[in-house]
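Please look through the model shown below. The questions and answers after it go from the whole chain to single residues.

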Amino acid sequence: MNWRARYEKWNNFFALETELKDALTTIEGDEQALEDCFYKDLEFGTGGMRGEIGPGPNRMNTYTIRRAAEGLARYISAQGQEAKERGVAIAFDSRHKSPEFAMAAALTLGKHGIQTYLFHDLRPTPELSYAVRKLNAFGGIVVTASHNPPEYNGFKVYGPDGGQLPPGPADELVNYVNSIEDELTIEVADEMELKGQRLLQVISDEIDDAYNEELKSILIQPDLLKEAGQDVKIVFTPLHGTANISVRRVLSEVGFPHVMVVAEQELPDPQFSTVTSPNPEEPAAFALAIEYGEKEGADLLLATDPDADRVGLAVKNNDGEYIVLTGNQTGALLLDYILSQKEKQGTLPANGIVMKTIVTSELGRTIAEHYGITALDTLTGFKFIGEKIGQFEQSGEHTFLFGYEESYGYLIGDFVRDKDAVQACLAAAELAAYYKSRNMSIYEGLLEMYEKYGYYQESLQSLTLKGKAGVEKINSIIASFREEPPIELNGIRVAYIEDYQSRESKDVSIAQASAIELPKSNVLKYKLEDGSWFCIRPSGTEPKVKFYFGVQKATDEESKQSLQALEQAVMNRVHANS
């Protein structure tokens with residue numbers, strides 16, 4: 001069926017929601033807008049789906065949510081009665097339509113007799129991961145679009161371990177979803193009937209309390225907080241999202257009385273009206289927090305994204321100005337603190353393991369190896385770290401110590417199997433107290449770390465290319481680098497080319513390839529002879545192609561110059577072929 005026929009089907013559907021009917025009327029006659037809404041189904045990938053809210057199969061709406069939930073229901077039903085009885089836990093964030101989409105998913109699952117547990121109000125994504133494990137549910141759903149703009153929403157699926165589904169089960173689920181041809185006629189159950197049958201249950205505050213207690217278990221030096229926590233001033237902003245209550249509660253209970261919340265950003269707001277983007281990776285998101293920090297003389301500024309799985313830190317530099325740390329810097333600081341203090345306490349396990357993604361700084365590996373700890377790379381996406389935690393938990397081969405990715409995601413305690421900004425806020429506060437006890441700032445701790453391990457610098461460039469033409473352009477850029485790889489950049493030869501689609505690592509000097517022991521993915525990574533590297537990958541959740549860069553030099557100035565030159569050389573090639 002072509003896009004116009006699908007449009008006519010939706011436009012003539014007698015039971016179409018009024019809101020969507022009105023939206024179709026608004027774009028009536030706009031051929032390009034209509035085609036983009038109807039030319040394909042919104043892609044349901046291995047992590048779920050994400051897109052703009054609106055009418056049509058290529059948008060987030062009640063009907064595409066039902067389609068995703070129907071596919072999940074069929075997948076769960078195929079696993080047997082026990083899976084249906086264990087059921088699904090559902091959480092949602094502060095975005096437009098999130099509560100309605102969560103209920104739509106619950107009613108679709110309920111039609112299949114699948115037990116459903118639904119949070120009565122918005123909750124952080126990591127708490128959903130915890131709830132799946134605590135309730136012994138067979139799966140979980142979070143309705144969220146993370147830090148995307150206000151017009152977006154999404155649908156993420158979690159497995160029995162509380163992590164996002166790994167490739168095998170995820171592919172099976174995707175097949176079930178893709179087999180559903182008509183999203184408009186999916187049947188759903190009645191809410192009151194499900195509640196009467198106890199097939200739809202509201203998750204109680206007991207989960208909040210249990211999660212809060214587990215958070216306290218990640219502290220390395222709880223006694224330190226009783227002394228130094230009183231002296232640490234923190235400014236916190238949930239950026240209109242889900243972390244407000246969880247973060248403030250745990251910080252207060254462990255010994256941080258001076259936590260100031262950015263009032264303008266404290267309450268949920270689906271428009272995220274005080275920021276251009278609710279993304280703590282963007283320094284602009286800290287504008288109000290910095291105003292508060294300057295007024296209060298804060299030691300640490302914390303900003304969580306709307307679904308509270310990512311957190312950014314801002315600290316004062318030696319000039320007294322607040323700077324936003326990169327995800328790589330924050331991850332390295334937390335990692336070095338955790339390993340160094342566990343070593344001092346004699347609690348560092350010999351089989352410990354640290355995990356990071358292939359686009360995360362090599363500084364993490366250097367730190368881990370300094371303490372005799374194994375560092376393991378995974379593909380981008382925290383589900384791969386969560387999957388490895390489960391495997392090592394069963395085999396006993398390694399003890400998990402820390403997992404992180406450059407995009408501001410961290411995990412310390414494995415009672416959650418996804419990145420957890422609430423955990424990271426607590427760990428960052430402890431880090432601030434530690435340096436305070438040494439009469440140092442976090443920034444001075446960062447410089448101390450660089451002096452110890454070398455000056456690592458990383459950066460990210462993204463190209464946003466929307467719509468059908470954008471997808472084609474992204475594919476063209478990646479194909480160009482794959483088919484005609486660079487031989488050298490700025491006079492420095494490429495030593496290795498890692499193609500995660502063919503799962504081969506090629507040693508350029510001897511033209512010999514070895515296997516990459518990671519799942520297949522459309523990613524390219526180039527390692528240069530001086531230790532610098534860059535990586536290209538399409539975003540799995542946004543219409544973007546991303547370019548990651550990393551260098552390591554003996555001095556700060558050398559590393560900055562090297563990074564800038566590498567960025568320029570790669571992006572010049574990209575733009576020359578655009």
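## Fold, cores and selected residues

Alanine 511 is found in the loop between β19 (504-507) and β20 (512-515), where helices (H or I, at least four residues) and strands (E, at least two) are DSSP runs numbered from the N terminus. This is a predicted model in which local features need pLDDT of at least 70 and side-chain atom pairs count only at pLDDT 80 or more, while totals for chains, interfaces and linings use all residues. Residues are numbered from 1 along each chain as its sequence is written, and side-chain values use heavy atoms, with hydrogens and water left out.

Q: Is alanine 511 buried or exposed, and at what relative accessibility?
A: Buried means under 20% relative accessible area, exposed over 50%, and partly exposed in between, with a 1.4 Å probe and protein chains only. The phi of alanine 511 is near 50°, a positive value in a residue other than glycine. Alanine 511 counts as exposed because its relative accessibility is 58%.

Q: Is leucine 239 buried or exposed?
A: Leucine 239 lies in the loop between β7 (234-237) and α12, and its phi is near 50°, a positive value in a residue other than glycine. Because its relative accessibility is 0%, leucine 239 counts as buried.

Q: What radius of gyration does the protein chain have?
A: The protein chain holds 20 helices and 23 strands. The radius of gyration is taken over C-alpha atoms, and the globule rule is 2.2 Å times the number of residues to the power 0.38. For 578 residues that rule gives 25 Å, and the chain comes close to this, so it is as compact as a globular protein of that length, with a radius of gyration of 24 Å.

Q: What percentage of the contacts with a separation of 6 or more comes from residues 24 or more positions apart?
A: Along its principal axes the C-alpha trace of the protein chain spans about 65 × 55 × 50 Å, and 57% of its 578 residues count as buried. Contact means heavy atoms within 4.5 Å. Among contacts in the protein chain with a separation of 6 or more, the share from residues 24 or more positions apart is 70%.

Q: Which residues does phenylalanine 256 contact, leaving aside its neighbours within four places in sequence?
A: Phenylalanine 256 is one of the residues that touch the most other members of the largest nonpolar core. With neighbours within four places in sequence left aside, its contacts are Leu225, Gly229, Val232, Ile234, Leu251, Ala429, Glu430 and Ala433.

Q: How far apart are the end C-alpha atoms of helix α10?
A: In α10, the residues Ile207, Asp208, Ala210, Tyr211, Asn212 and Leu215 are buried, and what covers them includes β3 (116-119), α7 (125-134), β6 (200-203), α12 (244-254) and α17 (421-437). The expected span of a helix is 1.5 Å times one less than its number of residues. The 12 residues of α10 (residues 205-216) should therefore span 16 Å, which agrees with the distance between its end C-alpha atoms, 17 Å.

Q: Which residues does leucine 128 contact, leaving aside its neighbours within four places in sequence?
A: Leucine 128 is found in helix α7 and is buried, with a relative accessible area of 0%. Beyond its neighbours within four places in sequence, leucine 128 is in contact with Ala89, Ile90, Ala91, Phe119, Gly140, Ile141, Val142 and Tyr158.

Q: What distance separates the C-alpha atoms of glycine 470 and lysine 544?
A: Glycine 470 has its place in helix α19 (residues 467-483) and is buried, with a relative accessible area of 5%. Glycine 470 and lysine 544 are 74 residues apart along the chain, and their C-alpha atoms are separated by 8.4 Å.

Key. Core = buried A, V, L, I, M, F, W, Y, C linked by side-chain atoms within 4.5 Å.
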